[in-house]
Amino acid sequence: MKAIVCPQYGPLSNLEYRDLPDPHPGPGEIVLRAHAIGLNYPDGLLVQGLYQMKPETPFVPGMEAAGIVEAVGDAVTHLKPGDRAVVMLDNGGYAEKVLAPANRTFPIPDSMDFADACALMCAWGTSHHALKQRANLQPGETLLVLGAAGSTGLAAICIGKAMGARVIAVASSADKREACVEAGADIALPYEGLRDALKNHAPGGVDVAFDPVGGAAFDVAARAMARHGRLLVIGFASGEIPKLPVNLVLLKEYALVGVFWGAFVAKEPATYAANNRELFAWHAQGRIRTRIDEIQPLSKAAAALQRILDRGAIGKTILTP
């Protein structure tokens, strides 16, 4: 099979498109023939050695793939060859055939596109967990979404609206802000002048702030929180890990809440599976819809990842074998 291999940590140009032996499932595993492979911002950090996890090299990156089950190992009862499914992985997704744990493989309905299934895994899974379990977002609350035109940001907008929130999106360009409004945001603001804009649009403060950006944007959010608000730390796409003047937390009585989706998946598998079922149900009901930014061949993984790191993508990027 063909796969993308990270031979050693370094620039994305190090990634190699090459042949690997076909995988075979062991007990509790399946092999999926991929039809769609999802790219995520952390993938680009991982191959550069900049992410929390550092698998032994060489390795195949990629956390999600959707396609047709080709083979199942012993003790796998909820799947069979020929089933449509999506898998969630630590890595190994950038390949024509993917070996995955059966307990992280989910059947998908015929009505769901393979690309949509990929989108609902990491990015949407992160945003859903952040807003549901970590923020306990309530109907009628105001949700501020930074980095709102990325995959997790657009997901946060849609999920926030599905949960009954008023959503203020923040994005860097007019076309990105337009995409935020199309996704359901009530208001879309630029980063320039954001502090004053939030005083006008959320004079009582924001109840939940969703921040995958860090840097100066985090500082603005930290000062815009309402009493009993929840400031969610998702990531640091700006490249700057901010510092928080903790007197703000004291004076405004709000909570700083970390969101590490990988740990959630590993430590709370039953809740994770329930979240997936809810997202799939919302998708079937038309309450949420993904945005696929572009579809590229597997061989173009490095260039597609670079575009994500450069914050050029609006929504989800998909590879096809």
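# Exercises on buried and exposed residues

Asparagine 136 is located in the loop between helix 3 and strand 8; helices (H or I, at least four residues) and strands (E, at least two) are DSSP runs, numbered from the N terminus. This is a predicted model, in which local features need pLDDT of at least 70 and side-chain atom pairs count only at pLDDT 80 or more, while totals for chains, interfaces and linings use all residues. Residues are numbered from 1 along each chain as its sequence is written, and side-chain values use heavy atoms, with hydrogens and water left out.

## Exercise 1: Backbone angles in loops

**Task.** Describe phi at asparagine 136 and at alanine 75, and then find the cis peptide bond next to proline 58.

**Solution.** 
- Begin with asparagine 136, whose phi is near 50°, a positive value in a residue other than glycine. With a relative accessibility of 47%, asparagine 136 counts as partly exposed, where buried means under 20% relative accessible area, exposed over 50% and partly exposed in between (1.4 Å probe, protein chains only).
- Go on to alanine 75, in the loop between strand 4 and strand 5 (84-88). Alanine 75 is not a glycine, yet its phi is positive, at about 75°, and with a relative accessible area of 74% this alanine is exposed.
- Then look at the loop between helix 1 and strand 4 (64-72), which holds proline 58. The peptide bond that joins threonine 57 and proline 58 is cis, with omega at about -5°.

## Exercise 2: The buried side of helix 5

**Task.** List the buried residues of helix 5, say where they lie around the axis, and name elements that cover them.

**Solution.** 
- In helix 5, which runs over residues 174-183, the buried residues are Lys176, Arg177, Ala179, Cys180 and Ala183. Because these residues cover an arc of only 155° around the axis, they lie on the same side of helix 5; the arc is that of the directions from the helix axis to the C-beta atoms.
- Among the elements that cover the buried residues of helix 5 are helix 4 (151-162), strand 9 (166-170) and strand 10 (187-189).
- Just after helix 5 comes glycine 184, with a positive phi of about 120°.

## Exercise 3: The surroundings of asparagine 40

**Task.** Determine whether asparagine 40 is buried or exposed, and identify the partners of its side chain.

**Solution.** 
- Asparagine 40 sits in the loop between strand 3 (29-39) and helix 1 (41-47), and it counts as buried, at 3% relative accessibility.
- Leaving out residues up to four places away in sequence, asparagine 40 touches Met63, Glu64, Cys122, Ala123, Leu305 and Lys316, where contact means heavy atoms within 4.5 Å.
- Two of these neighbours also make polar contacts with the side chain of asparagine 40: the side chain of glutamate 64 at 3.1 Å, and the side chain of lysine 316 at 2.8 Å. A polar contact is a pair of N or O atoms within 3.5 Å; within protein, one must be able to donate a hydrogen and the other to accept it, and residues adjacent in sequence count only if both atoms are side-chain atoms.

## Exercise 4: Histidine 283 in helix 10

**Task.** Locate histidine 283 and find the residue with which its side chain makes a polar contact.

**Solution.** 
- Histidine 283 belongs to helix 10 and is buried, with a relative accessible area of 17%.
- Not counting residues up to four places away in sequence, histidine 283 touches Met112, Asp116, Leu120 and Ile288.
- The side chains of histidine 283 and aspartate 116 are joined by a polar contact of 3.3 Å.
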